Amino acid sequence: MSTASVRDRAKERATAITVLLTVVGYGAVGGVFLVPEFQALFPTLTRGTVDLLAHAIAVVNTITVISLSLGWYWIRNDEVKKHAAAMTTSFGLILLFLAMYLPKVAGGGTKEFVLDSSYAWVPLWDPVYPAYLIMLAIHIVLSVVSVPVVLYAIVLGLTHTEQELRTETPHRRVGRIAASAWILSLVLGVVTYVLLNHLYDSTFAAAEAATVLLPAVPV
């Protein structure tokens with residue numbers, strides 16, 4: 001089967017492919033929280049490895065924000081090839097994120113925020129913790145709801161020509177929504193990571209308790 005034929009078939013099934021990929025993504029992330037048999041597929045990690053993965057994930061997410069922002073800038077300046085390269089890179093980075101995130105949660109553990117700090121200059125105001133929780137909640141919600149939108153924009157971009165994207169698909173509108181939600185989610189994820197891992201203290205629960213500590217996991 002030729003590459004053109006595969007692309008044409010994928011083009012006709014863009015929505016179905018998006019649904020399939022969304023189900024797979026939700027299933028993988030949900031499995032590390034809720035399915036012991038799936039969790040058992042991952043090796044048990046030390047606290048040091050968990051922290052190392054958390055730092056690596058934050059770096060990947062920061063680079064993804066830069067890549068997405070560049071992609072947005074380039075498409076606004078009608079630099080389509082650069083835009084496509086940036087968005088493809090961003091998708092590759094999100095796959096790298098998942099490759100680190102799934103074993104971190106399944107085989108490592110979770111952290112919970114503690115309103116205390118080793119640094120005298122860090123404020124210990126009462127509103128800090130609620131603000132952290134609000135940012136974390138928005139990050140989680142956007143991470144969940146943006147998955148199908150992001151995937152749909154990517155599938156359209158990979159299966160259609162530039163002219164088709166402009167005239168025959170909602171790629172521009174969907175892409176704008178997807179990029180906005182994706183960037184905001186990632187930025188909030190990085191901010192909460194800095195608060196939890198660098199500015200403030202935290203408690204740690206091993207992987208066995210991960211299913212009851214869902215709100216603490218994404219950072």
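This is a predicted model: local features need pLDDT of at least 70, side-chain atom pairs count only at pLDDT 80 or more; totals for chains, interfaces and linings use all residues.
Is valine 144 buried, partly exposed or exposed? Residues are numbered from 1 along each chain as its sequence is written, and side-chain values use heavy atoms, with hydrogens and water left out.

Valine 144, then, is partly exposed, because its relative accessible area is 41%, where buried means under 20%, exposed over 50% and partly exposed in between, with a 1.4 Å probe and protein chains only. Valine 144 sits in helix α6, and together with Tyr26, Val141 and Val145 it makes a nonpolar surface patch of about 340 Å². Such a patch consists of residues with over 30% relative accessible area and no salt bridge, like charges being joined within 9 Å and nonpolar side chains (Val, Leu, Ile, Met, Phe, Trp, Tyr) within 5 Å; a salt bridge is a side-chain nitrogen of Lys or Arg within 4 Å of a carboxyl oxygen of Asp or Glu. Helix α6 supplies the largest share of the patch, three residues.

Let me step back to the whole chain. The protein has eight helices and two strands, in the order α-α-α-α-α-β-α-α-α-β along the sequence; these are DSSP runs numbered from the N terminus, helices being H or I with at least four residues and strands E with at least two. Of the 219 residues, 39% are buried, and the accessible surface, from the Shrake-Rupley method with a 1.4 Å probe and, for residues, only the protein chains shown as cover, comes to about 12100 Å², with 69% of it belonging to carbon and sulfur atoms.

Now to the interior. A nonpolar core here is a set of buried Ala, Val, Leu, Ile, Met, Phe, Trp, Tyr and Cys residues joined through side-chain atoms within 4.5 Å. The largest one has 26 residues, among which Val32, Leu68, Phe97, Tyr101 and Trp182 touch the most other members. Two or more residues come from each of α2 (14-34), α4 (47-76), α5 (80-107), α6 (128-159) and α8 (171-199), and α5 gives the most, with nine residues. If we set aside neighbours within four places in sequence, tryptophan 182 is in contact, meaning heavy atoms within 4.5 Å, with Thr64, Leu68, Ser90, Phe91, Ile94, Val150 and Ile154. A second, separate core of eight residues includes Phe113, Val128, Tyr132 and Leu195.

How many aromatic pairs does a search of the whole structure find? It finds seven, where rings of Phe, Tyr and Trp (its six-membered ring) pair if their centres lie within 6.5 Å, and planes under 30 degrees apart count as stacked, over 60 as edge-to-face and the rest as tilted. Phenylalanine 38 and phenylalanine 42 are edge-to-face, at 5.4 Å centre to centre with 80° between the planes.

Why does the pair of phenylalanine 97 and tyrosine 101 count as stacked? The ring centres are 5.1 Å apart and the planes lie at 20°, so phenylalanine 97 and tyrosine 101 meet the stacked criterion. Both residues lie in helix α5, four residues apart, about one turn of the helix, and both are buried, phenylalanine 97 at 15% relative accessible area and tyrosine 101 at 6%. Elsewhere, ring pairs link Phe113, Tyr129, Tyr132 and Tyr200 into a cluster.
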